[in-house]
Amino acid sequence: MSEPTVTLALVCHRHEAFVADAVRSVLAQEGPPLDIVISDDASPDNTWAEIERAVDGYAGPHRVRLNRNAENMGMNHYNRILELAEGDIIVIAHGDDVALPNRARRLVETLQREKVSLVTSEAFVVDAARKRAGLMVGDIDSARFEVEDLLRDGWQRNMLGATMAWRRDVLAVFGGVERAILPAGYDLPMVFRAALLDGAYFLAEPLLEWRRHDRNLSEQLVDRGGSELVDLEGSAAHAVTVLMAMLYDLEKFRAINPERADLIDMRTRLLRTLMKHLRNWIRRRNRLFIQGQRATWLDLDAWLERRPAGSRRIRARKPVQG
């Protein structure tokens with residue numbers, strides 16, 4: 001079997017403090033030469049200058065290409081990555097994380113061995129200074145994702161988007177991504193798409209240092225600086241948005257696979273899950289209104305500044321001591 005062509009895409013936005021570490025880690029990847037695309041999403045800070053400085057003088061085995069978007073694309077940045085990528089497999093990396101040297105090789109080996117469309121992996125959780133706090137998952141074995149589990153349990157720690165590698169079809173078959181449908185948090189929908197194709201797999205092997213800091217995109221999905229009920233209402237609203245994106249993808253997939261009768265039952269189960277989360281969201285939103293609170297929207301920078309320290313919810317899992 002011939003070796004697959006692989007693009008490692010490092011996507012960056014406002015990562016000036018961290019991106020040099022990220023660039024060095026992708027340039028240091030072991031294994032066959034990679035097509036490395038480093039793409040900055042119109043960062044307003046010094047991210048682009050740090051990228052140029054980090055690649056200056058590189059003379060290793062990998063092919064390196066730089067791209068700077070003229071305007072911020074948000075989630076649609078992945079559509080630009082699909083245009084730029086020349087590989088059959090796309091390994092995603094983020095500008096605030098650090099890849100272990102064997103990351104790309106192990107993800108590609110697993111995709112090939114398991115004959116799936118997408119692979120996620122375990123990750124070390126680190127702070128802004130790269131001090132390790134534990135494992136992201138810690139208590140789940142390597143295994144395939146099952147559609148039933150995705151619909152029942154929603155997002156789980158072993159679906160972290162920063163750890164993913166996928167075949168081009170995960171984007172191409174579904175027409176890329178659309179931030180008007182889901183502006184952030186494509187982790188679960190990507191796994192769902194892969195499950196509809198040839199399957200998705202979790203590799204319980206840490207291949208990444210996933211950096212936790214005050215401006216992680218995952219921290220911008222809900223307001224964790226208010227009361228517990230505010231947090232719960234925001235989480236429920238996001239769950240509804242994610243499930244609607246999955247329904248949108250399922251309808252696209254059904255249109256090109258009309259012979260698959262199982263997709264009708266899958267749609268019924270997805271709608272049932274969606275209604276459950278919709279009821280949760282309405283109930284929590286109504287409780288807030290009754291308590292005298294009102295929803296509002298803030299400019300992103302103002303919102304980031306008002307968040308209290310220590311509001312992050314996702315915590316590392318400590319390794320089990322032998």
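**Note on the predicted model: rings, cores, hairpin and loops**

The structure holds two aromatic pairs. The model is predicted, and the points below should be read with that in mind.

1. F174 lies in the loop between α6 (169–172) and α7 (187–196), while F253 belongs to helix α8, so the pair ties together parts that are 79 residues apart in sequence. Both F174 and F253 are buried.

2. **The largest nonpolar core.** This core has 53 residues. Within the core, W166, M190 and F192 touch the most other members. Helix α8 gives the most to this core, with eight residues. A second, separate core has 29 residues, among them A22, V23, A93 and V108.

3. **F192 and its surroundings.** What does F192 contact, leaving aside its neighbours within four places in sequence? The list is V147, L150, L151, M246, L250, M266 and L270. F192 is also one of the buried residues of α7.

4. **Helix α7.** This helix is mostly covered. Ten of its ten residues are buried.

5. **E251 in helix α8.** E251 is found in α8, which covers residues 228–256. The E251 side chain makes a polar contact with the side chain of R267, at 2.6 Å. E251 and I264 are 13 residues apart in sequence, and their C-alpha atoms are 9.7 Å apart in space.

6. Strands β6 and β7 pair in the antiparallel sense, over three bridges. F124 stands opposite L135 in β7. R132 lies over the face of F124, at 3.8 Å from the ring centre. The hairpin has five residues between the strands. R130 takes a positive phi near 70° there.

7. **R130 in detail.** R130 lies in the loop between β6 (118–126) and β7 (132–135). At 35% relative accessibility, R130 counts as partly exposed. Beyond its neighbours within four places in sequence, R130 is in contact with D21, V98, E209 and R211. R130 and V98 are 32 residues apart in sequence. Their C-alpha atoms are 8.8 Å apart in space.

8. **Positive phi elsewhere.** Most residues other than glycine have a negative phi. A42 is not a glycine, yet has a positive phi of about 55°. A42 lies in the loop between β2 (35–40) and α2 (47–55). A42 counts as partly exposed, at 23% relative accessibility. K115 is not a glycine either, and K115 has a positive phi of about 55°. K115 is in the loop between α4 (103–114) and β6. K115 counts as exposed, at 62% relative accessibility.

9. **N76, a buried loop residue.** Where is N76? N76 is found in the loop between β3 (63–68) and α3 (77–84). At 15% relative accessibility, N76 counts as buried. The cut-off matters here, because buried means under 20%. The side chain of N76 reaches the backbone nitrogen of R179, at 3.0 Å. Not counting residues up to four places away in sequence, N76 touches V177, E178 and R179.

10. The charged end of R294 sits over the ring of F289. The distance from the ring centre is 3.7 Å. The R132 and F124 arrangement, at 3.8 Å from the ring centre, can be inspected alongside.

Notes. Residues are numbered from 1 along each chain as its sequence is written. This is a predicted model: local features need pLDDT of at least 70, side-chain atom pairs count only at pLDDT 80 or more; totals for chains, interfaces and linings use all residues. Side-chain values use heavy atoms; hydrogens and water are left out. Helices (H or I, at least four residues) and strands (E, at least two) are DSSP runs, numbered from the N terminus. A polar contact is a pair of N or O atoms within 3.5 Å; within protein, one must be able to donate a hydrogen and the other to accept it, and residues adjacent in sequence count only if both atoms are side-chain atoms. Buried means under 20% relative accessible area, exposed over 50%, partly exposed in between (1.4 Å probe, protein chains only). Contact means heavy atoms within 4.5 Å. A nonpolar core is a set of buried Ala, Val, Leu, Ile, Met, Phe, Trp, Tyr and Cys residues joined through side-chain atoms within 4.5 Å. Rings of Phe, Tyr and Trp (its six-membered ring) pair if their centres lie within 6.5 Å; planes under 30 degrees apart count as stacked, over 60 as edge-to-face and the rest as tilted. A charge sits over a ring if NZ of Lys or CZ of Arg is within 6 Å of the ring centre and within 35 degrees of the ring normal. Two strands pair if DSSP finds at least two bridges between them.
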